[in-house]
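The sequence and structure come first.

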Amino acid sequence: MLPVGIIVFIVIYCLVLCLYFYTETSGNLKLRAPNKITLALMFFIFGLVYAIIGMNSGIFDHGLMPLFIVALFLSMLGDIFLLFSFSTGAHFFAAGNIAFSAFQLTLLTYYYQVSMGNLWWIFLVIPFLWAIYPVLAHIYPNKFPFGKDKSSVYFYMATITTSGTLGLATAIFAPHYRIMGIGLILFMLSDFDIILHKYVFPKNKWVHRLNSALYFTGLLMIVLNVAILTL
């Protein structure tokens, strides 16, 4: 059973997320911005507090958790800047994805002693997932008009597919971090959805909301995993 404080946080976070389903499609930035910034600050502060608690109590290694904190911080900045500049927000998210990937690789290979021989399949899955975007852009150039954003989109998707695939490996080989691994998979799926929203269904509010549902649920799972490990 989770402590009352964590349960209260989850309930409030979910309520704020439900409110965001309305404000993000309202067309009113004055409503959307504070709502989204609140969500971003909530997952970051919650994750930061429990990461520090875990390091101070010796549960988490001081060499590993700073990577997690940096990744979480960059994701928070990505959320905030994305409100005002799609490209700037994407750059912060890409850096965060790289930090999450480094965290997971360190966790798997150093702390769980998973050999690269057991991770060979990620080198097949990552290119396969990444290739979806250039293939679709080639087959449906009118629906995926990446244009001058092409290289940035491809680079970003390389970072998120790497992090998401490593999330699957984390869920399989690092049982104590399984919830986090699933959360990172949801994070990746949210970006598959946002590409569909931006280039294929720009006016579909439910496609837009699905992106937020996957992303913010994924981040909640990521920070909850850290909190649970401190109990």
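Lys 36 is buried, at 5% relative accessible area (buried means under 20%, exposed over 50%, partly exposed in between; 1.4 Å probe, protein chains only). This is a predicted model: local features need pLDDT of at least 70, side-chain atom pairs count only at pLDDT 80 or more, and totals for chains, interfaces and linings use all residues. Residues are numbered from 1 along each chain as its sequence is written, and side-chain values use heavy atoms, with hydrogens and water left out.

Lys 36 sits in helix α2, residues 29-56 (helices are DSSP runs of H or I, at least four residues, numbered from the N terminus). Beyond its neighbours within four places in sequence, Lys 36 contacts Tyr 20, Asp 79, Leu 82, Leu 83 and Phe 216 (contact: heavy atoms within 4.5 Å).

Now the rings. Rings of Phe, Tyr and Trp (its six-membered ring) pair if their centres lie within 6.5 Å; planes under 30 degrees apart are stacked, over 60 edge-to-face, the rest tilted. That rule gives 18 aromatic pairs. Two of them are tabulated.

| Pair | Centre distance | Plane angle | Class |
|---|---|---|---|
| Phe 9 and Tyr 13 | 5.8 Å | 35° | tilted |
| Phe 103 and Tyr 177 | 6.3 Å | 70° | edge-to-face |

Phe 9 and Tyr 13 are four residues apart in helix α1 (residues 4-23), so about one helical turn separates them. Phe 9 is buried at 12%, and Tyr 13 at 1%.

Phe 103 lies in helix α4 (residues 86-111) and Tyr 177 in the loop between α6 (150-173) and α7 (178-199), so this pair ties together parts 74 residues apart in sequence. Phe 103 is buried at 0%; Tyr 177 is buried at 8%.

Tyr 20, Phe 43, Phe 93, Phe 187, Tyr 215 and Phe 216 form one aromatic cluster.

Note on methods
Helices (H or I, at least four residues) and strands (E, at least two) are DSSP runs, numbered from the N terminus.
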